[in-house]
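The following exercises are to be worked with the sequence and the three-dimensional structure at hand. Each task is followed by a solution in steps.

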Amino acid sequence: MMNNAELTLTLEPAADTRRPLALTPGEDLRGYIASHLGRAVLFLITLTSVLAVVLILLFVIVRSLGFLSGYSIIEFLGGLDWRPTADSPVFGSLAILVGSLYVSSAALVFAVPVGILAAVFLSDVLSWRARNLVKPVVEILAAIPSVAYGFFAVLVLAPWMQKHFGFSTGTNALNASLILAFMALPTIISVAEDSISALGRELREASYSCGATRMETMLKVIIPAAHSGIIAAVVLGMMRAIGETMVVWMASGNATQIPHPWWDVSQSIRTMTATIAGEMGEAPEGSQHRGALFAIGVLLLILTFGLNLVSEYFLSRAKKAAGRS
Amino acid sequence: MKRVVVGMMVAALAMGAAVKAETLQIDGSTTVGPVADAFAEYFKSIQPDLAITVKKTGSGDGAAALIDGRCDIATMSRFMKTEEFEKAVANKVLPVAHVVAMDGVCVAVHPSNPVKALTSAQVRDIYMGKITNWSQVGGSNTPIVVISRDTSSGTYETFESLVMKKAAMAAGVEYVNANPQAQSRVRTTPGAIGYVGLGFLEGVKALSIDGVTPTRSTVASGTYPVSRPLFLFTNGYPKLGSITHKFVTFYLTEKGQELVEAKGYVPLTNY
């Protein structure tokens, strides 16, 4: 009896297969309206994020126009002096632009070798189970609030550098770059590891069968084959570093200068993000100062959009490469 | 259906009116913010249904909010600028200043620094980059690490107008974004010089300027060269007996003066 009931149940069709898939509006008006309404709602939801990007871009550009039309662009882009509250204010953003590029490049010098080696280690050396334990822990680094990093930079790293390196000031380019390197690491490791493990078994086995050692396989086969994904990882890491605000505002010292000589990382430096965050609150509405800060925002947007395009390009190449192998 | 909608609208209006009578929007300076916070807390403890919000985004934001009618009281660590006044009057807002307390901006160095006193001209030269080593002002042979508050803080503006006399600071000056941060940088850096509010002197050494040591009485009387009043701005003089009026005159009461002192500022009146 029991068995019979089960049998009849399994024989029931899962869905009403007699109903045609698409009905004309005349046959099924409610279904027609529901499907189109659902489509429209989903479209609007997707559109909001696109719209947000466009509106932010427009907003920042529009707010900077007043300043850009009334101030010499050459002086803005090429000037080294940033004196926004002086009686005759000067808005030269070159030192600030260089500062941003300086700390984020220096951060990459620390983060890229460490990040790539860690990614290779995670994907090719560590056992699968250990990898699944370690990778989430690495990603937790990204979840630590930046203000916590900032406090560490000011209260621990800065005095430590003064004591052990003999620097006269501990809040400097080196401090900011080291902290930024830590913040960029999870991005770099995570993206690079994904692209390295996506390469597949065949490549590695082919290399081993030719007599290559594990190190040769990693350095000469795996890393070159995954280079698109690794470059994308590095660019994403750079974006993380260049857009970071709180840490550089606290750790870099914010002196408006280009280090001289250029490799002297013990000097204080100022970035675009820190300048905007630090000065926006007191820049009077409608003033030249506020416009200048928005103009810096435009510069920053151009920079990050450019980097974003580069990373998209390499990520899509990495996907294609992974698809082929 | 219609009756329900009308009923809801009436209820919403009534609620809106009730809320409106009991709210106080305060916006402005990070320096005056703690005083406003302490006042607000005390007001709420006697009148729990009162809704006071205190925003601390900067004196400039406070002025902008008062001009746009977004707040009832703007807290400011400087007087309103001419442009702000012009904009306010054009918006039919008439800013009235109430001084709630005095604040001293102290020049501070590391406790191990032998230098005890500087003239304001020497401090200016240090910030302009003309003096770069402590030995030039009678100290040990240590390079000076110059620390300033960010250019948007009220403390910076006070320091700039009272000490710098509008002279430009050197490019190598470091900027920090809060009093406690300036304090901790000076406390941990042997060659540092910085300036902080009177309430942030723990662990650092305050220098006497032009022969006057910053203390409660020298700041309150204004004999200390770097002292300044802290303001609350309202649109016109507040209606007598209103909550705004009570708030801006609260500093005159004993409790108000206690709270001002607890926040590290100097009360205007003696009790």
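**Exercise 1. An aspartate in a loop**

Determine whether Asp210(B) is buried, partly exposed or exposed.

Solution. The model is a predicted one. Step 1: within 10 Å of Asp210(B) there are 15 other C-beta atoms. Step 2: a buried residue needs 20 or more such atoms, and an exposed residue has 12 or fewer. Step 3: Asp210(B) is therefore partly exposed, with its 15 other C-beta atoms within 10 Å. Step 4: as to its place, Asp210(B) belongs to the loop between strand S10 (208-209) and helix H8 (216-221) of chain B. Step 5: the backbone of Asp210(B) has a positive phi of about 50°, although the residue is not a glycine.

**Exercise 2. A loop of chain A**

Describe the backbone of Asn254(A) and of the peptide bond between His260(A) and Pro261(A).

Solution. Step 1: Asn254(A) is not a glycine, yet its phi is positive, at about 60°. Step 2: Asn254(A) is located in the loop between H11 and H12 of chain A. Step 3: Asn254(A) counts as buried because it has 28 C-beta neighbours inside 10 Å. Step 4: the peptide bond that joins His260(A) and Pro261(A) is cis, with omega about -5°. Step 5: Pro261(A) lies in the loop between helix H11 (246-251) and helix H12 (272-279) of chain A.

**Exercise 3. Strand S3 of chain B and its partners**

State which strands pair with S3(B), and in which sense.

Solution. Step 1: strand S1 (residues 23-28) of chain B pairs with S3(B) in the parallel sense, over three bridges. Within this pairing, Ile73(B) is the bridge partner of Ile26(B). Step 2: strand S11 (residues 227-235) of chain B pairs with S3(B) in the antiparallel sense, over four bridges. Here Leu232(B) in S11(B) stands opposite Thr75(B). Step 3: the two faces of S3(B) are both covered, with Ile73(B) and Thr75(B) buried on one side and Ala74(B) and Met76(B) buried on the other. Step 4: the loop between strand S3 (73-76) and helix H4 (82-90) of chain B holds Lys81(B). Lys81(B) counts as partly exposed because it has 15 C-beta neighbours inside 10 Å.

**Exercise 4. Two helices of chain A**

Describe how helix H4 and helix H7 of chain A pack.

Solution. Step 1: two packed helices are described by the angle between their axes and the distance between the axes. Step 2: for helix H4 (residues 94-125) and helix H7 (residues 173-197) of chain A, the angle is about 35° and the axes are 6 Å apart. Step 3: the crossing of H4(A) and H7(A) is right-handed. Step 4: the contact of H4(A) with H7(A) comprises 24 nonpolar, five polar and one charged residues.

**Exercise 5. Domains and chains**

Find how many residues meet between the two domains of chain A, and how many between the two chains.

Solution. Step 1: the domain assignment divides chain A into domain 1 (29-70) and domain 2 (93-324). Step 2: eight residues of domain 1 of chain A touch eight residues of domain 2 of chain A. The residues on the domain 1 side are five nonpolar, two polar and one charged. Step 3: between the chains, 29 residues of chain B are in contact with 28 residues of chain A. The side of chain B that touches chain A has seven nonpolar, 14 polar and eight charged residues.

Terms used: Residues numbered from 1 in each chain as written. Chains lettered and ligands numbered in written order. Predicted model: local features only at pLDDT ≥ 70, side-chain atom pairs only at ≥ 80, totals over all residues. Domains from an automatic or database assignment. Contact = placed C-beta atoms within 7 Å. Nonpolar A, V, L, I, M, F, W, Y, C, P; charged D, E, K, R; others polar. Axes fitted to C-alpha atoms, helices over the stretch in contact; angles between N-to-C directions. Left-handed = near helix turned anticlockwise from the far one by under 90°. Pairing = 2+ DSSP bridges.
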